[in-house]
Amino acid sequence: MTTVVRTASVTGVLAVTGFAAFCVSISVGELRVPLTDVVPAIFGAGDPAARFVVGELRLPRALAAVLVGAAFGLSGAVFQSLARNPLASPDIIGISSGASAAAVFGIVVLGWSGNGLVLLSLLGALVTAALVYALAWKQGASSYRLVLVGVGVAAALAAVTSYLLTKAQIYDVQEAVVWLTGSLNGRLWSDVRPLGLAMLVLVPMVLLLTPSLRLLQLGDETATGLGLHVERARLLLVLVAVALAAGATAAAGPVAFVAFVSAPIARRLVGSPLAIVPAALVGAVLMLVADLVARELLGTVELPVGIVTGIVGAPYLLWLLARSNRIGSGG
Amino acid sequence: MAVQTHRWRLAWLLVAVGVLVLVVLASVAVGTRSIPVGTVLDALVHPSATEDAHAVVRSLRVPRTVVGLLAGAALGLAGAVMQGVTRNPLADPGLLGVSAGASFALVLGISVLGLTGPVAYVWFAFAGAAVASVLVYGLGAIGSGGATPVKLALAGAAITAFLLSMTTAMLLLDQRTLDEYRFWSVGSVAGRDPDLIAQLGPFFAVGALLALAAGPVLNSLALGDDVARSLGRRIGLARVTAAVSVVLLVGAATALAGPIGFVGLTIPHVARAITGPDYRWVLPWSMVLAPMLLLGSDVIGRVVARPGELQVGIVTAVIGAPIFVMLVRQRRLAEL
Amino acid sequence: MTRTAQAHHTLAAEGLTLAYDKVEVTRDLSLEIPTGQVTCIVGANACGKSTLLRALARLLRPASGTVLLDGQRIQSLPTKEVATRLGILPQTPVAPEGITVADLVSRGRHPHQTWLRQWSDRDRSVVAEAMRVTGTLELAERPVDELSGGQRQRAWIAMALAQDTDLMLLDEPTTYLDLAHQIDVLDLLVDLNRRHGRTVVLVLHDLNQAARYSDHLVAMKAGAVVAAGPPAEVITEELVAEVFGLSCRVVVDEVSGTPLVLPIGRHHAAVPS
């Protein structure tokens with residue numbers, strides 16, 4: 001079947017799967033809402049207890065999972081296409097380490113939580129990305145320099161984070177570690193709204209920039225030959241991808257593994273080097289399923305979702321390893 | 001500053017060793033407590049059991065200096081070997097899952113077996129590092145081509161992510177473990193038992209020998225697998241030997257001082273900027289420069305936060321990063 | 001030799017000085033590309049022929065001088081507009097992993113698409129025709145990186161064709177191809193010129209192929225144009241010696257009637273009579 005048909009059918013299947021995961025995620029929990037009641041409860045009909053649990057607790061959390069997963073998936077897809085490297089992820093530009101250092105500082109030193117923390121970590125992510133880019137800029141940001149500077153800055157920030165953890169009270173440390181792992185615990189409407197609004201702007205931008213990305217994949221020269229403003233397109237794409245990753249990290253912590261893993265899965269499923277919308281959907285499904293498992297696995301204790309994404313993602317990577325000789329020969 | 005002839009390179013290397021010696025002396029002479037130089041020398045040459053200051057010098061500063069020297073040299077060497085064998089300037093020993101393995105085994109030990117203190121930590125961490133590396137290498141070697149750089153990186157990333165998740169799960173479920181672990185995870189050279197250092201000595205020695213001997217092989221590997229083979233190198237054997245040396249060196253260093261990440265990644269770049277791409281020189285230079293950074297950072301950590309101290313893992317990254325970034329901005333470092 | 005369609009757009013270089021990292025490659029070079037003809041640029045390695053081609057395609061910014069597309073400075077035209085008149089196939093194009101031939105060829109339509117008008121019937125038919133003409137229709141759904149060197153090159157040429165430009169610039173399009181496919185590609189380019197009226201500019205390393213297939217031959221040495229004109233006039237024993245440092249005998253190609261260069265090396269040069 002042609003690429004277009006395959007992309008459409010994969011997108012369809014992923015959307016249906018996502019919807020199913022979404023409904024199950026809302027249905028399962030301490031108060032079991034039967035699947036048939038889920039949709040009515042979302043729209044405010046049905047049993048009052050179910051309506052409350054669904055409307056105030058589960059729906060925002062499930063939406064948060066979808067938005068964060070989609071944002072990470074999109075960001076990872078863009079970064080990997082730009083870097084032409086399947087090992088690339090938004091981490092390399094220092095977003096995770098910047099957000100982490102800022103968040104831990106907020107938790108341990110300032111004693112903040114909630115919206116203040118979200119803002120702080122967003123600021124940390126954006127400032128770090130800008131710093132890395134600026135430090136790597138010398139008549140252009142060569143990707144080598146960018147990656148090396150990113151690594152250096154990330155190491156310094158990680159040291160700062162570790163230091164803060166040694167100086168804090170143990171309960172603060174625990175809260176900090178939960179944040180550092182990536183968690184959707186206790187996400188309410190107040191958390192979802194800002195990210196939702198940001199995505200309303202960023203997602204259309206990514207879609208509009210997809211043709212440019214398609215050309216950039218062919219190399220700078222061919223892309224220029226086909227009429228693309230290469231530097232301008234690349235800068236816009238980096239900005240959008242950074243905004244997506246920073247927003248997602250601020251909302252749920254550095255669950256960066258999702259960014260790393262979603263795009264390759266989507267590409268394999270679609271059989272094409274560019275699968276932007278599928279990558280977003282894979283990210284959303286991954287976050288929904290991981291959060292569900294994290295919530296329910298141990299019964300009384302809620303694990304942070306970041307733990308499950310690591311355990312789920314790793315076997316995927318190994319599968320990637322085992323099946324592909326081509327990747328090996330590229331080494 | 002790429003020095004050209006053999007004699008020049010040797011001369012400059014000796015100068016570097018001289019600087020290292022100075023740093024070592026500083027490490028013994030300087031600390032959270034101000035001890036006059038004369039007393040320090042006395043403590044080394046004519047130790048007296050009653051002098052308090054002598055005790056500080058002999059049982060606190062000397063061991064930590066030795067740890068810093070060993071761990072630094074080991075990390076620098078291992079980093080250079082990793083980058084040479086994977087032909088990847090971003091490779092660091094953590095790629096083989098060493099840090100993640102050490103952390104996982106350690107947390108397991110603390111939470112399940114109730115271990116406390118550096119002595120007990122050491123062997124667990126070492127074992128964890130070794131097992132994880134074997135796993136990573138084994139997985140990376142599946143399929144055609146053996147353990148190529150990309151496959152190793154993927155295997156390393158997978159195992160590291162997996163182990164990290166499991167480690168974090170255990171930490172979150174057990175507060176006491178978290179409390180112990182967070183201090184180890186920063187990386188420190190203080191308070192290590194001299195007996196322990198002696199026991200780990202052989203691992204450092206063997207690892208260093210294997211690594212230093214790998215210089216010529218790494219030079220051939222840099223030209224690509226095919227060319228290396230046509231020059232008569234046995235790729236599989238070379239890779240395994242390199243991996244073994246890395247595990248020995250980093251396993252011992254991590255077991256002794258905790259996970260200190262930055263050094264193994266960045267020092268080889270600095271060494272290369274000085275010597276050029278010849279691994280016969282990059283390796284010894286890495287071995288000399290890394291302890292300079294580590295011990296220097298430790299000294300600063302002792303001085304800056306008196307009467308307490310800043311752990312070496314923190315200072316190394318905070319000082320090393322700006323220096324590294326400055327070097328990256330000059331063209332040399334951006335090439336392999 | 002009937003030309004059924006007319007080429008419209010003109011391309012020329014005026015006083016072009018090109019440099020990489022302060023190293024000058026050409027100095028004050030002026031060249032006019034004859035409209036509606038096949039032009040080949042030849043010269044020894046590192047004489048600047050690829051650099052010149054890239055500058056003509058605005059991939060390289062000149063240190064001084066200008067490239068004129070339809071009499072206007074090419075740098076002042078919007079790049080997408082340029083892409084509707086002029087297409088370039090670089091020497092080693094990069095294909096992302098897993099891309100299918102059909103996907104690759106369809107990306108050539110980008111200059112003709114806008115946000116409002118994305119994918120039209122004309123786009124579809126141009127892509128299909130481009131693949132038919134290059135013999136890549138059967139390969140449409142196959143990944144480009146699984147094809148042989150020759151098939152891959154034809155896929156790239158199909159993409160350049162799909163771009164549907166009046167001016168086509170190709171940098172060594174016959175490298176990696178076996179002889180049969182080299183001739184195939186060159187014949188195809190001549191078809192495009194004769195039947196579809198396109199102006200074709202090629203950098204070729206094979207002097208004899210250049211002699212056979214070009215209407216206009218440009219010989220370069222050390223960043224300067226040494227000779228330009230019909231092959232029969234340009235290819236002489238003196239020129240070959242000057243440009244390539246090679247002694248030779250020039251005869252008439254029995255098959256095509258164009259000049260044929262017979263190199264004289266140190267061995268196998270026993271010439272009876």
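Analyst: Here are the terms, each set against its definition. This is a predicted model: local features need pLDDT of at least 70, side-chain atom pairs count only at pLDDT 80 or more, and totals for chains, interfaces and linings use all residues. Residues are numbered from 1 along each chain as its sequence is written, while chains are lettered from A and ligands numbered from 1 in the order in which they are written.

User: What makes up the secondary structure of chain B?

Analyst: Chain B has 14 helices and zero strands. Helices are DSSP runs of H or I with at least four residues, strands are runs of E with at least two, and numbering starts at the N terminus.

User: What share of chain B counts as buried?

Analyst: The share is 53% of the 336 residues. Buried means 20 or more other C-beta atoms within 10 Å of the residue's own, with C-beta atoms placed from the backbone.

User: How do α12(B) and α14(B) cross, left-handed or right-handed?

Analyst: The crossing is left-handed. That means the near helix is turned anticlockwise from the far one by less than a right angle.

User: Which classes of residue make the contact of α12(B) with α14(B)?

Analyst: Seven are nonpolar, four polar and none charged. Ala, Val, Leu, Ile, Met, Phe, Trp, Tyr, Cys and Pro count as nonpolar, Asp, Glu, Lys and Arg as charged, and the others, Gly among them, as polar.

Note on methods:
A residue is buried if 20 or more other C-beta atoms lie within 10 Å of its own, exposed if 12 or fewer, and partly exposed in between; C-beta atoms are placed from the backbone.
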